[in-house]
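Let's take a walk through this protein together. Have a look at the picture first, and then we'll go from the sheet to a helix and on to some aromatic rings.

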Amino acid sequence: MAGLVVGGVTITHPERPVFGDGGPTKGEVAAYYDAVGRWLLPELRDRPLSLVRCPQGSTGPCFFQKHHADTLGAHVHPVTLEEKGGDDAEYIYVDDVRGVLELVQMNTLEFHPWGARADAPDKPDRMIFDLDPAKGVEWKAVVAGARAIRDRLSEVGLESFVRSSGGKGLHVVAPFRRGPSWEKVKAFCEGVADALVAEKPKLYIAEASKAKREGLIFIDWLRNTRGATSVTGWSLRARPGAPVAMPLAWDEIARLKSGGAFDLTKALKRAKTLEHDPWEGIGTLKQVLP
């Protein structure tokens, strides 16, 4: 089949299955990102990105990419950032759907932005808590955990937002006026996680030890460091069934059955019928990190 033009970008091999036999094709993945672009972009644009690229589809080898290359497309932009060792490197950001589609053409399935913007990478403006339940933990416990984090943040004046992860759990995200250091943000998030563990040690764990996680919900606060990323809302996940990380209203999470409740088809349907962004206002809140 000849290339398929989606949003002004030529997608080669659009007929190729990306999620195994019978699953969405590369052309359908491109059409999906084009269709949900208005909902996807606010959380994604102008932030350094890590990509999950799967040249042979999600069933083949996939890899993370964070460095820019000219081959990625004309609308995929470089931003020079200092790395841990002190050297400079060119990272990736996009500011429109065309850039997203150029990355899809290069077999990108997942988009993971920083919690800071490309113009001020050392001034974070978002924090995230990833609730990752061990096998056998009931969904209602994950919902309760997300609400507990929301309530903790609310106590110190921070409004927060929730999304399904496209995996097993939920993400709680809170914006704040940029300015505090990564160290301060990380320390704050660790404090929130540790407080929840101290309150309910038989339900939560805040250390990344798989051996100790059995029967518990891991509150992953470790993504709140410079260079760490987390999957963005409306991003596909490179997993069986083409699940999607979905921004939600707080009253929606109890009605789900898992963090992978939305797949590409359901997400497309939601995008077409959604009247208001469930995360409306996240970009304009004037709240400050305590």
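Strands S8 (residues 126-133) and S10 (residues 170-175) run antiparallel to each other and are joined by six bridges. If you want a spot to look for, find Leu-131, which sits opposite Leu-170 in S10. Keep in mind that this is a predicted model.

In general, strands in a sheet pair up through backbone hydrogen bonds, and they can do so parallel or antiparallel. Here, S8 and S10 belong to an open sheet of six strands, ordered S11-S12-S8-S10-S9-S13, with mixed pairing. Which strands stand at the edges? They are S11 (204-205) and S13, and each has a single partner strand, so one side of each has no neighbour in the sheet.

Now for helix H6, which covers residues 264-273. Its buried residues are Leu-264, Ala-267, Arg-270 and Ala-271. Viewed down the axis of H6, these buried residues fall within an arc of 125°, so they line one face of the helix. What lies on the face turned away from the buried side of H6? There you'll find the exposed residues Thr-265, Lys-269, Lys-272 and Thr-273. The buried residues of H6 have a cover that includes helix H1 (26-35), helix H2 (37-44) and, from the sheet, strand S13 (246-248).

Next, the rings. The structure has five aromatic pairs. One of them is Tyr-32 with Tyr-33: their ring centres are 5.2 Å apart and their planes meet at 65°, and since over 60 degrees counts as edge-to-face, that is what this pair is. Both Tyr-32 and Tyr-33 are buried. Phe-161 and Trp-279 make another pair, with centres 5.9 Å apart and planes at 50°, so this one is tilted. That pair links distant parts of the chain: Phe-161 is in strand S9 (residues 161-164), while Trp-279 is in the segment after H6, 118 residues apart. Phe-161 and Trp-279 are both buried too. There's also a cluster, in which ring pairs link Tyr-32, Tyr-33 and Phe-111.

| Arginine | Tryptophan | Distance from the ring centre |
|---|---|---|
| Arg-38 | Trp-39 | 4.1 Å |
| Arg-150 | Trp-250 | 4.8 Å |

Definitions and conventions. Residues numbered from 1 in each chain as written. Predicted model: local features only at pLDDT ≥ 70, side-chain atom pairs only at ≥ 80, totals over all residues. Heavy atoms only, no water. Buried < 20%, exposed > 50% of the residue type's maximum accessible area, 1.4 Å probe, protein only. Helix = DSSP H or I, 4+ residues; strand = E, 2+ residues; numbered from the N terminus. Arc of directions from axis to C-beta. Contact = heavy atoms within 4.5 Å. Phe/Tyr/Trp six-rings, centres within 6.5 Å; stacked < 30°, edge-to-face > 60°. Lys NZ or Arg CZ within 6 Å of the ring centre and 35° of its normal. Pairing = 2+ DSSP bridges.
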